[in-house]
Amino acid sequence: MINVKSTFFKNVLVIFSGTALAQILNILSTPLITRLYGPEAFGVLGTFNALASIFIPVISLAYVYAIPIPKYNFISRNIAIKSFFIVVILSVISLLLLLFNELVMDLFDVPIGFVIFIPLMFFLSGMLQINQQILIRFGLFSTFAKATIISSITVIIFKLITGWLDPQANYLIIGALIGVVTQILSSLYFNKFFWNKYTHDVSISKVKLIFVSPSLKKYSDFPKFRTPQLLLNPLSRSLPVFFLTSNFGLGVVGYYTLATSMLALPAVVIGNAVGNVFLKKVTHEINNGNDVLKLVVKSTLLLAGIGIVPFGFVFFYGDILFTVFLGKEWTQAGVFASYIAIWQFFGFANKCCNVTLPVIGMNKFYLKYEVISLILRVLLLFACSLLTLSSVDYVLCFSILGAFLNLFLIIKVILMLRNIPKVV
């Protein structure tokens, strides 16, 4: 039974309302945008996103994800400062490496101009991650809703204008950058009084940062285990993009990119809303020595119950839905979406378990899980190549494997929590 008066539910509703409105706007604008930009433009965007998404989660060496966890604010603040400097340094290093290395351009078959955007995306995404994790810690969830809506409107307007004037793939990439910038600036504006106080307090903790506060050593497993885990996860998930690019061309990648982006909507609208609020809730319970097994199980079942409707509908009617909504040109994207829905459903239900693992200090296990997942997906890739399967068959096999991996993780987390009656 959901207590609609609970703080947890109200915070979820706040984020949900904002992201839901933003995604409704995205859905309504998609038929216009897909008629302006062709599959190849979305294919280039998909390749850029696949490459960028591999490194964005680790741009702070995963320290940023420890910001909401400490019991005391000064420790969290030190982690945020350390994350900022790491983001700046790694962004500059990535820029220098890309400027003097043509291997990346040759490997992913995209113009050098697109690749130069990657370090900028690294930096902006790193700043956004720090911003969001601080807001999660202090429960400023309304900012998520407002910033998401403004960002979505800005990006849609930009894509429509540039698509009408000159529908080139680089404008889709620039639109993604503009979306991140808008989210950051909106967040700073809506919480300017909070940020003024927060940045003022930062000066007090700089000395502790310089001499590496002993309190930060507790979170050394984040760069040690969470960083490679976060690096392997998007690499593992992006394998279809690289495989489809090399075997079937950018047009097919465009279908896959659109299908995955549309299937990600429930995760963005509901999954992220629950996950962000759940992170604060589960961290609070653990810091107070409470058992979180029931909380995790209830939240996972709730997400599974919610997700069965949209993902089930796409599974049965994906090809028809995409054809009617986007046009006959995107029918194959609908076929892809039907199969991807299997994988995305279990990933959606797995959201709270994913959030719980690092909070209970299971980063090492999470890394092992990602290594095994990557190995299995690479083996699947080779098997599909040897059997010369079609692009549709490959997407189906990849999705089924993804579903089993997510289900395994859900079961494993629940079993872990059963053996830890009280996490301190």
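1. Which helix does G179 lie in? G179 lies in helix α7, residues 169-190. Helices here are DSSP runs of H or I with at least four residues, and strands are runs of E with at least two, numbered from the N terminus.

2. A word on the model. This is a predicted model, where local features need pLDDT of at least 70, side-chain atom pairs count only at pLDDT 80 or more, and totals for chains, interfaces and linings use all residues. Residues are numbered from 1 along each chain as its sequence is written, and side-chain values use heavy atoms, with hydrogens and water left out.

3. Back to G179. G179 is buried, at a relative accessible area of 5%. (Buried means under 20% relative accessible area, exposed over 50%, partly exposed in between, with a 1.4 Å probe and protein chains only.) Leaving aside neighbours within four places in sequence, G179 is in contact with S151 and V155. Contact means heavy atoms within 4.5 Å. S152 is 27 residues from G179 in sequence, yet their C-alpha atoms are 6.8 Å apart in space.

4. Look next at α9 (residues 221-237) and α16 (residues 363-386). They pack at an angle of about 25°, and their axes are 8 Å apart. Axes are lines fitted to C-alpha atoms, for helices over the stretch in contact; angles run from 0 to 180 degrees between N-to-C directions. The two helices are therefore roughly parallel to each other. (Under 35 degrees counts as roughly parallel, over 145 as roughly antiparallel, 65 to 115 as roughly perpendicular, the rest as oblique.)

5. Who makes that contact? From α9 come residues including F222, F225 and L232; from α16, residues including Y366, L367 and L374. The residues of this contact divide into nine nonpolar, five polar and six charged. (Ala, Val, Leu, Ile, Met, Phe, Trp, Tyr, Cys and Pro count as nonpolar; Asp, Glu, Lys and Arg as charged; the others, Gly among them, as polar.)

6. How many salt bridges does the structure hold? One. A salt bridge is a side-chain nitrogen of Lys or Arg within 4 Å of a carboxyl oxygen of Asp or Glu. The partners are E285 and K281, at 3.3 Å, N to O. They sit four residues apart in helix α12 (residues 265-287), so about one helical turn separates them. E285 counts as buried, at 16% relative accessibility. K281 counts as partly exposed, at 31%.

7. Finally, helix α10 (residues 239-248). Its buried residues are L239, P240, V241, F242, F243 and L244. Just after α10, G249 takes a positive phi of about 95°.
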